[in-house]
Amino acid sequence: MTTDVWLPFAPEEIPGLPSAADHGLTYRFWDGGDTFPADPADCAFYVVPYLKGAEIAVRPLAGMARAEVVQTLSAGVDHVQAGMGSLHPGVRLCNARSVHEASTAELTLALILASLRGIPRFVEGQRQEEWRSGFYPALADKTVLIVGYGSIGSAIEDRLAPFECARVLRVARSARDTERGPVHPLAELPSLLPEADMVVLSTPLTEATRGLADAEFLARMRDGALLVNVARGPVVDTKALLAEVESGRLTAALDVTDPEPLPAGHPLWHAPGVLISPHVGGSTSAFLPRAKRLLARQLTHWTAGEPLDNVVYTTA
């Protein structure tokens, strides 16, 4: 009987993979196609195809009777976790911490700066051959609130550092101290929202964060504040956000939406003060080499019987 490892990349394209012959492995390539590369029952280490959706991600799980590890190539695991209930106890679910931080943080800063400095307005002005000068908000001297201060939230603050912000406020599930300052617990979020000129959402999608940015949350944001969502679309109540941006009280920059992909004709497309990017926070040239390094590292740990990185959940 073979011990299979399912990979979304051809194994010969991943430098540093453990030797299949030395460890009794068979590497199988599957990137979400209609036909499985082998019997899922023989798969012990499953790497979830990237950006193929929840339906494809969980499709083979029910048949993976020998599974030991499910490894995503995304920071979030919400698209996989629902299917983990079909697996036997002890299967570890790992995310892609270390792969997406730099790219997502880059996009976060790009969305903030583009929104503040009127870049969409300038692009439209260029098309219309109009010189749209004037005064625009700066990031300097502003207060930024990061909701979801994990590795991505920390990478965002790294990139905020040169921009001379007045303050960076940090919120996570529980309180802790960092070299930069305190991280406030989620329970303190309502009192922090009125202090921020921009609120960046970089939190995982969980039952606690689904609909977190609802009408009450948005109402607590100060007039003229910018909401930036690089987390997951359902973290924001779309109807409540539309009411705020259509009134002109808030603006928004969204890399993720609910629904997603955003369908033609949806009011978010043309809502005033809204900048939308199509969920490309991690989709950059940095992804592939970092993802391959992660897989080589994780499989080396696994074949050596060493602890895995980035374990976020273990089936009970």
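Biologist: Which strands do the buried residues of H10 pack against?

Modeller: They pack against strand E1 (3-7), strand E2 (25-29), E3, strand E4 (69-71) and strand E5 (92-94). Packing here rests on contact, meaning heavy atoms within 4.5 Å. Buried means under 20% relative accessible area, exposed means over 50%, and partly exposed lies in between, with a 1.4 Å probe and protein chains only. This is a predicted model, in which local features need pLDDT of at least 70, side-chain atom pairs count only at pLDDT 80 or more, and totals for chains, interfaces and linings use all residues. Residues are numbered from 1 along each chain as its sequence is written, and side-chain values use heavy atoms, with hydrogens and water left out.

Biologist: Which residues of H10 are buried?

Modeller: The buried residues of H10 are Phe 287, Ala 291, Lys 292, Leu 294, Leu 295, Ala 296, Gln 298, Leu 299, His 301 and Trp 302.

Biologist: What span should H10 have, and how far apart are its end C-alpha atoms?

Modeller: The expected span of a helix is 1.5 Å times one less than its number of residues. H10 has 17 residues, so it should span 24 Å, and its end C-alpha atoms are 24 Å apart, in agreement. Just after H10, Gly 305 has a positive phi of about 70 degrees.

Biologist: How do I read the chain as a whole? How many helices and strands does the protein chain have?

Modeller: The count is 10 helices and 14 strands. The radius of gyration, taken over C-alpha atoms, is compared with a globule rule of 2.2 Å times the number of residues to the power 0.38. For 316 residues that rule gives 20 Å, and the protein chain has 21 Å, so it is as compact as a globular protein of that length. The C-alpha trace spans about 70 × 45 × 35 Å along its principal axes. Of the 316 residues, 48% are buried. For contacts between residues at least 6 apart in sequence, 62% join residues at least 24 apart.

Biologist: Which peptide bonds and phi angles deserve a look?

Modeller: Most residues other than glycine have a negative phi, and most peptide bonds are trans. In this model the bond joining Asp 258 and Pro 259 is cis, with omega about 10 degrees. The bond from Glu 260 to Pro 261 is also cis, with omega near -5 degrees. Pro 259 lies in the loop between strand E12 (251-254) and strand E13 (274-276), and Pro 261 is in the loop between E12 and E13 as well.

Biologist: And the phi angles? What is phi of Leu 51?

Modeller: Phi of Leu 51 is near 60 degrees, a positive value in a residue other than glycine. Leu 51 is in the loop between strand E3 (43-47) and helix H2 (54-58), and its relative accessibility of 54% makes it exposed. Asp 141 also has a positive phi, near 70 degrees. Its loop runs between helix H5 (119-128) and strand E6 (143-147), and at 63% relative accessible area Asp 141 is exposed.

Biologist: How do I compare distance in sequence with distance in space? How far apart are Leu 113 and Ala 316?

Modeller: Leu 113 and Ala 316 are 203 residues apart in sequence and 44 Å apart in space, C-alpha to C-alpha. Ala 316 and Met 84 are 232 residues apart along the chain, with their C-alpha atoms separated by 9.9 Å. Ala 316 is in the segment after strand E14 (311-314) and is exposed at 88% relative accessibility.

Biologist: Where is Leu 113?

Modeller: Leu 113 is in helix H4 (residues 101-116) and counts as partly exposed, at 27% relative accessibility. Leaving out neighbours within four places in sequence, Leu 113 has contacts with Ile 119, Leu 139 and Phe 163. Helix H4 is also one of the elements that the buried residues of H6 pack against. Those buried residues of helix H6 (residues 151-160) are Ile 152, Gly 153, Ala 155, Ile 156, Glu 157 and Leu 160.

Conventions:
Helix = DSSP H or I, 4+ residues; strand = E, 2+ residues; numbered from the N terminus.
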